[in-house]
Amino acid sequence: METGDEEDELAELQNKRYGDGMLAANIAMYTSVGMLALVGITAQPNAFIFISLGLVLLSISMVFINAELAKVVDPNREYPSVNDKGYAKKLMEMSDDGERHIMLQGLYRAFTSISMLLFFAVLALIGYSVLTGVSQLAGILIILFILIFTNAQYMLSIRKK
């Protein structure tokens, strides 16, 4: 029989492994989409496009499978389905204050990091456009739209509180 400390250590190890698995699946998904873009844009043989597309689909399925593994790892908790429209809200409701604090802290760090990185990406694309004469205006406008949308969404959501 496990003691409380052993159960806590096991839960911490499970959470770390789950987080590592999600990180690996997300990295695989992003890199496979990048590879699909690379082989599609550079007019590679169709075989490479199909391989890339297969890797994209495989990595996306791994993200969903890994998300469902939380239910197997911790069967005593009733996790919402990842397909549920209210997944984020239900996940927050089922989490205790400490878990919510950790999630929100991580989300805020990710939000500020991505905002900064996207801003610098816009500056880099502007510089690239000026130096090479190859317009990156579409990418710049898309990134700016994402920045405006996410910052407005964040500011409006915390303003309500």
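Q: What does K90 form a salt bridge with, and how far apart are the closest N and O atoms?
A: K90 pairs with D84 in a salt bridge, and the closest N and O atoms are 2.4 Å apart. Keep in mind that this is a predicted model.

Q: Are those two buried or exposed, or something in between?
A: Both fall in between. K90 has 39% relative accessibility, so K90 counts as partly exposed. D84 is at 25%, so D84 is partly exposed as well.

Q: How many salt bridges turn up in a search of the whole structure?
A: Two. Besides the K90 and D84 pair, the side chains of D97 and R100 meet, at 2.5 Å from N to O. As background, side chains of opposite charge can pair when their charged atoms come close.

Q: Where do D97 and R100 sit relative to each other?
A: Both are in helix α4, three residues apart, so about one helical turn separates them.

Q: Switching to the inside. Which residues make up the largest nonpolar core?
A: That core has five residues: L118, V122, I140, I143 and L147. The most come from α5, which gives three.

Q: Which residues of α5 are buried, and what covers them?
A: The buried ones are I140, I143 and L147. Their cover includes α4.

Q: What does I143 touch, leaving out residues up to four places away in sequence?
A: I143 touches L118, A121, V122 and L125. Of these, L118 and V122 also belong to the largest nonpolar core. In soluble globular proteins, nonpolar side chains tend to be buried together.

Q: What span should α5 have, and what do its end C-alpha atoms give?
A: Helix α5 has 23 residues, so at 1.5 Å a residue it should span 33 Å. The end C-alpha atoms are 32 Å apart, which agrees.

Q: Now the surface. Which residues form the nonpolar patch there?
A: The patch consists of M35, F48, I51, L55, L58, M62, I65, L69, V72 and V73, with about 860 Å² of accessible area together.

Q: Which helix gives the largest share?
A: Helix α2 (residues 46–73) does, with nine residues of the patch. One of the patch residues, M62, lies in α2.

Q: Last one, on the backbone. What is phi of A43?
A: Phi is near 55° for A43, a positive value in a residue other than glycine. Most residues other than glycine have a negative phi.

Q: Where is A43, and is it buried or exposed?
A: A43 lies in the loop between α1 (4–41) and α2. With 66% relative accessibility, A43 counts as exposed.

Methods
Residues numbered from 1 in each chain as written. Predicted model: local features only at pLDDT ≥ 70, side-chain atom pairs only at ≥ 80, totals over all residues. Heavy atoms only, no water. Patch = residues over 30% accessible without salt bridge, like charges linked within 9 Å, V, L, I, M, F, W, Y side chains within 5 Å. Areas by Shrake-Rupley, 256 points an atom, 1.4 Å probe, with all protein chains shown as cover. Salt bridge = Lys/Arg side-chain N within 4 Å of Asp/Glu carboxyl O. Helix = DSSP H or I, 4+ residues; strand = E, 2+ residues; numbered from the N terminus. Core = buried A, V, L, I, M, F, W, Y, C linked by side-chain atoms within 4.5 Å. Buried < 20%, exposed > 50% of the residue type's maximum accessible area, 1.4 Å probe, protein only. Contact = heavy atoms within 4.5 Å. Expected span 1.5 Å × (residues − 1).
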